[in-house]
Amino acid sequence: MRVRILSLFALLLCATWSFAQESNSTDPVDDAPVVTLAANQQSSPAPQSTNNSQLPSAPQPANAPNAVAVPPSKQQTKRILGVMPNFRAVSQGTIPPPPGPKRAFVIATENSFDYSAFVFVGVTSLLAEGSNAHPTLGKGIGGYWGYYWRGYLDKTDGNYLVIWALPSLLHEDERYFTRGQGSILGRGVYAASRVLITPDYHGHNTANIAELGGRAIAQAVSLSYYPSADRTFGDVAERYGYALGRDALTATFREFWPDIAAHVLPHHKKGN
């Protein structure tokens, strides 16, 4: 369990590794046509933005008539600290059209085969091997490789199930829509709750079956390549809980990243 907890923070350790690179990554994350909120108007109407049944926790234009355009300093970037993929994040006040299977597949692929995915799995595998999390996998180079390829499979099949396959079937939007306003506690709860709640293609919040079910299916698949000693209910439940916790932590970091970049890391501001 200690290894799983440490692994949740390995993402931040990887990010620190290439901190200086982020100064060149200030473009908005989503390259699809978007709707950006301006004062009392929308620049380009989107079908889902006219529905009044959307929950107020989501940044929807129908519920925010006095919203203003978001300054560049508050926009999400393609990477966080130069290494952490941020392709799923949508800036506050920006409402892109539903991703559809094609766009969702692209996002899942970007998250799975980006160089940072290999770095992150390398760090978490090193932590697991060093603490002998799965004794049957052994130690040393051979043991490390056993941890590495299994960890990469866990991450990759989970990405395609959670971001592409199930959302395409269920019409759920697994991108992260930044709230960007309110209390720190409220925004943190909102971000972490995205593993349980997500908008559908019409902008209505719904149970996040793609996340919960996708991670569960990924763990079921992992039974085929983990040693028999690591296939107990407790081991599978621990890996499942770790995956959900990692996603909740990542969403929380995404929520506050524009604020951190603008107010804590001055060199991230445009024009500097």
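## Basis and overall composition

Helices (H or I, at least four residues) and strands (E, at least two) are DSSP runs, numbered from the N terminus. On that basis the chain has 8 helices and 9 strands. The model is predicted: local features need pLDDT of at least 70, side-chain atom pairs count only at pLDDT 80 or more, and totals for chains, interfaces and linings use all residues. Residues are numbered from 1 along each chain as its sequence is written, and side-chain values use heavy atoms, with hydrogens and water left out.

Buried means under 20% relative accessible area, exposed over 50%, and partly exposed in between (1.4 Å probe, protein chains only). Of the 272 residues in the chain, 51% are buried. The accessible surface (Shrake-Rupley method, 1.4 Å probe; for residues, only the protein chains shown count as cover) is about 12,700 Å², and carbon and sulfur atoms account for 66% of that area. Taking contact as heavy atoms within 4.5 Å, 74% of the contacts between residues at least 6 apart in sequence join residues at least 24 apart.

## Helix α3

Helix α3 covers residues 100-113, 14 residues in total. The expected span of a helix is 1.5 Å times one less than its number of residues; for α3 this gives 20 Å, and the end C-alpha atoms are 20 Å apart, which agrees.

The buried residues of α3 are G100, R103, A104, I107, A108, N111 and S112. They pack against β4 (84-85), α4 (115-130), α5 (140-170) and α8 (233-264).

## Helices α7 and α8

Helix α7 (residues 209-222) packs with α8 at about 140°, their axes being 10 Å apart. Axes are lines fitted to C-alpha atoms, for helices over the stretch in contact, and angles run from 0 to 180 degrees between N-to-C directions. The angle makes α7 oblique to α8, given that under 35 degrees counts as roughly parallel, over 145 as roughly antiparallel, 65 to 115 as roughly perpendicular and the rest as oblique.

From α7, the residues in contact include L212, R215 and Q219; among their counterparts in α8 are V236, Y240 and D247.

## Loop residues

H134 lies in the loop between α4 and α5 and counts as buried, at 9% relative accessibility. H134 and D230 are 96 residues apart in sequence, with a C-alpha to C-alpha distance of 7.2 Å.

N132 is also in the loop between α4 and α5. Its phi is positive, about 60°, although N132 is not a glycine; at 31% relative accessibility N132 is partly exposed. Most residues other than glycine have a negative phi.
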